[in-house]
Amino acid sequence: MILAEKITFLRKQKNWSQEELAEQLEISRQSVSKWESGASIPELDKILGMSRIFGVSTDCLLKDEIGMEGISGALQEPEGTQGDASLSEENTPCREVRSVSLEEAKDYLQTIRKTAVPISIGVLLCILSPICLLVMGGWSEYGPVAITEDQAGGLGLIILLVFVAAAVVLFIFNGMKLEKYAFLEKEEIRLQYGVSGIVEKEKEDNAPGYRQSIAAGVILCILSVVPLFVMIALEVPEIWLVYSVCLLLAIVSAGACLLVRAGIIWDGYQKLLQEGDYTVKEKRSHERMEAFSGAYWCLIVAIYLGISFLWNNWEISWIVWPVAALVFAALLSIIRMISSRRER
């Protein structure tokens, strides 16, 4: 965040107009307008004046690499304390944030586009993987190919595992390419001057394609059941029902491929711009949840194994997982609600 953006942010936090800020500093409104547009830079005495009236340190104002975490809370201090020099240096926590240059942003978006396709193909392979097993199982039971149940199961599982293995290779290989950008999901970042506008423009240019891919993917997933319903209505032989289920999986895989590819690219823009699920607030919330999530699921695994071994009832003990997932979602909602109230 550059000085011009900080002045605008702090002024709006005070609900002041440019004219009101100008009166506080005993300057013209045009001077404030030039500061906020980046056309000019305040003189040293004016920077010290803004530090005093806004209740922030001069470092927060001048250093681009320093963010404004906690600044809103400091601005809510009583008016009588805003002029205290100690407040600007000690009570306003400034946090160093990672700076992202235009070259880094372009390299990240280029990497995202290159990895989105193979990752979406990996998802497609996972969904397609049981098709051979289903077809061969249908042949062993209904014909027309003469194959035993053991042969169908063995060959079908081999093909399934090959598909899944290929998908895992795609996930790992492309995940490694994105590993160096993992900080975008967890850390607060600052785009260098001008980068935000370029990324925002590129995001807007890609928005129509994103919406079309999402719409097409959703439509394919919805229409995937049509072949199965048609076969049921026509009362065809059982083997054709198996084929229709395989066709359903193929259509769903195509839809999922479109959704995943579009989602990965769109998430890339949101991570850079810190929007959606990647705002600074959401990142801090994820940080707080990580320790809780790890402890919770370790406990659930222990409970599951304990129940299963104690009563030797593995065919029923799986119910622990859906129940645990629902409880986890409820606990997350409660924790977030409590955190929001505390922040207020």
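Helices (H or I, at least four residues) and strands (E, at least two) are DSSP runs, numbered from the N terminus. This is a predicted model, in which local features need pLDDT of at least 70, side-chain atom pairs count only at pLDDT 80 or more, and totals for chains, interfaces and linings use all residues. Residues are numbered from 1 along each chain as its sequence is written, and side-chain values use heavy atoms, with hydrogens and water left out.

**Exercise 1.** Find where Glu235 lies, and state its phi and its exposure.

*Solution.*
- Step 1: Glu235 sits in the loop between helix H13 (226–234) and H14.
- Step 2: Its phi is positive, about 55°, although Glu235 is not a glycine.
- Step 3: Glu235 has 70% relative accessibility and therefore counts as exposed (buried means under 20% relative accessible area, exposed over 50%, partly exposed in between, with a 1.4 Å probe and protein chains only).

**Exercise 2.** Do likewise for Glu26.

*Solution.*
- Step 1: The loop between H2 and H3 holds Glu26.
- Step 2: Phi of Glu26 is near 60°, a positive value in a residue other than glycine.
- Step 3: With a relative accessible area of 74%, Glu26 is exposed.

**Exercise 3.** Describe how helix H2 (residues 18–25) packs against helix H3 (residues 29–37).

*Solution.*
- Step 1: The angle is about 110° and the axes are 8 Å apart; axes are lines fitted to C-alpha atoms, for helices over the stretch in contact, and angles run from 0 to 180 degrees between N-to-C directions.
- Step 2: H2 and H3 are therefore roughly perpendicular to each other (under 35 degrees is roughly parallel, over 145 roughly antiparallel, 65 to 115 roughly perpendicular, the rest oblique).
- Step 3: From H2, Gln18, Glu19, Leu21, Ala22 and Leu25 meet Arg29, Val32, Ser33, Trp35 and Glu36 of H3, contact meaning heavy atoms within 4.5 Å.
- Step 4: Those contact residues divide into five nonpolar, two polar and three charged (Ala, Val, Leu, Ile, Met, Phe, Trp, Tyr, Cys and Pro are nonpolar, Asp, Glu, Lys and Arg charged, the others, Gly among them, polar).

**Exercise 4.** State how many disulfides the whole structure has, and examine Cys132.

*Solution.*
- Step 1: The search finds zero disulfides, a disulfide being a pair of cysteine sulfur atoms within 2.5 Å.
- Step 2: For Cys132, the nearest cysteine sulfur is that of Cys246, 8.2 Å away.
- Step 3: Cys132 is partly exposed, at 26% relative accessibility.

**Exercise 5.** Is Ser244 buried or exposed, and which residues does it touch?

*Solution.*
- Step 1: Ser244 belongs to helix H14 (residues 238–273).
- Step 2: At 3% relative accessibility, Ser244 is buried.
- Step 3: Not counting residues up to four places away in sequence, Ser244 touches Pro227, Leu228 and Met231.
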